Amino acid sequence: MTEITIDKKGLHPRNIHNKRYDFSLLMNNFSELKKFVSKNKFGDLSVDYSNPEAVLTLNKSLLSYFYKIKEWNFPQGHLCPPIPGRVDYIHYMADLLSESNSGKIPTGKKVKVLDIGTGATCIYPLLGNSVYGWRFVGVDIDSDSVNTAKKIIKSNPHIKNNIKCRYQKDSQNIFDDVIGSEERFDFTLCNPPFHSSLEEALEGSAQKIKNLNTNKQKKGLKAKSKDVLNFGGKKAELWCPGGEIEFIKRMIHQSKNKDKQCFWFSTLVSKKENLATIYDELKKIEVKDVKTIDMNQGQKKTRIVAWTFLSKDEQILWSEKNW
Ligand SMILES: C[S@@+](CC[C@H](N)C(=O)[O-])C[C@H]1O[C@@H](n2cnc3c(N)ncnc32)[C@H](O)[C@@H]1O
């Protein structure tokens with residue numbers, strides 16, 4: 001049995017991935033993982049994080065054991081999301097909801113969430129539904145991704161009534177044509193495309209491989225000169241014209257049209273230098289409240305920015321009426 005020690009990954013306190021992975025447990029529950037696990041130079045069981053197949057299989061084993069998602073298949077080339085970081089966003093949003101619900105996290109189907117850019121893996125809906133029982137609508141402009149996400153939902157029958165996917169045919173739209181006139185969402189979330197061009201996205205991926213190789217060398221492991229890109233990511237998943245900031249600006253301005261239909265709007269902001277512009281844009285549309293939530297995911301620092309058009313009184317009314 002692998003010893004479990006606190007790894008100080010800096011994840012949310014309720015994030016069950018705060019500790020080192022128990023590879024023995026994961027392998028026992030997900031036998032496909034066995035062929036990727038070996039002892040590292042410290043004698044601990046681990047996988048080669050620069051091998052895309054190993055990373056995908058590790059993620060599948062986590063989803064299967066901790067989140068009861070038994071089938072999670074998507075074509076090669078799609079972004080393979082690391083589970084610990086994705087579930088962090090979910091936990092922080094749960095805390096935000098609890099702030100207007102007498103400190104209690106609202107759970108179950110009464111909470112409805114919109115995931116903008118859900119991707120082929122449908123990762124946020126799968127995690128949010130598993131951990132808190134929330135209902136989700138996932139949206140994407142990539143029809144292949146939407147179809148794959150629908151297949152994942154169908155192949156895990158216990159979630160099929162709780163997660164729906166919608167295709168957004170206009171890439172300029174974020175909320176328009178997605179939120180019906182009578183619909184309400186308790187929050188929206190988004191991991192936006194962050195690069196502004198395909199070249200930038202490819203450069204970013206090359207840098208990630210370089211960092212992995214440097215880490216490997218530090219750990220006394222041999223870095224392969226041609227380590228394969230383990231993060232995946234079809235080009236449209238990783239970039240859009242204007243990059244993260246233009247995407248978020250569009251989201252902010254379109255949120256105004258749905259001001260009373262969603263309690264919180266939120267997005268990840270990976271570039272800290274984008275915050276000033278984001279706050280300026282939020283001020284222009286006269287939001288009532290803005291929250292910035294820092295997240296530490298290993299060596300990566302990122303943040304959620306959330307905003308609402310509801311006054312304090314309206315927030316209380318919302319929670320009383322809906323939760
Ligand atoms: C960085 S990926 C995030 C995928 C997944 N949510 C994750 O975290 O792994 C961004 C996603 O946004 C989608 N996207 C881009 N523009 C969009 C839009 N206007 N509306 C909805 N989705 C969009 C892309 O197709 C892609 O799947």
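The views show a predicted model, in which local features need pLDDT of at least 70 and side-chain atom pairs count only at pLDDT 80 or more, while totals for chains, interfaces and linings use all residues. Residues are numbered from 1 along each chain as its sequence is written, and side-chain values use heavy atoms, with hydrogens and water left out.

**View 1. The shell around the ligand.** The ligand is surrounded by 20 residues, the closest being Arg86, Gly117, Asp140, Asn173 and Asn191, where a residue is near a molecule if one of its heavy atoms lies within 4 Å of it. At least two residues of the shell come from each of α4 (123-132), β4 (135-140) and α7 (235-238); helices (H or I, at least four residues) and strands (E, at least two) are DSSP runs, numbered from the N terminus.

View 2. Oxygen atoms of the ligand lie 2.6 Å from a polar side-chain atom of Asp140 and 2.8 Å from a polar side-chain atom of Asn191, whereas a polar backbone atom of Asn173 is 2.8 Å from a nitrogen atom of the ligand. Of the 600 Å² of accessible area that the ligand has on its own, the protein covers 98% (Shrake-Rupley method, 1.4 Å probe).

**View 3. The two sides of helix α10.** Within α10 (residues 312-322), Gln315, Trp318, Ser319 and Asn322 are buried, meaning under 20% relative accessible area, whereas exposed means over 50% (1.4 Å probe, protein chains only). Seen down the axis of α10, these buried residues fall within an arc of 90°, so they line one face of the helix; the arc is that of the directions from the helix axis to the C-beta atoms. Asp313, Leu317, Glu320 and Lys321, on the other side of α10, are exposed.

**View 4. Cys165 in strand β5.** Cys165, which lies in β5 (residues 163-167), counts as buried because its relative accessibility is 11%. Leaving aside residues up to four places away in sequence, Cys165 touches Cys122, Gly138, Val146, Ala149, Lys150 and Ile153, a contact being heavy atoms within 4.5 Å. The C-alpha atom of Cys165 is separated by 5.6 Å from that of Val137, 28 residues apart along the chain.

Methods:
A polar contact is a pair of N or O atoms within 3.5 Å; within protein, one must be able to donate a hydrogen and the other to accept it, and residues adjacent in sequence count only if both atoms are side-chain atoms.
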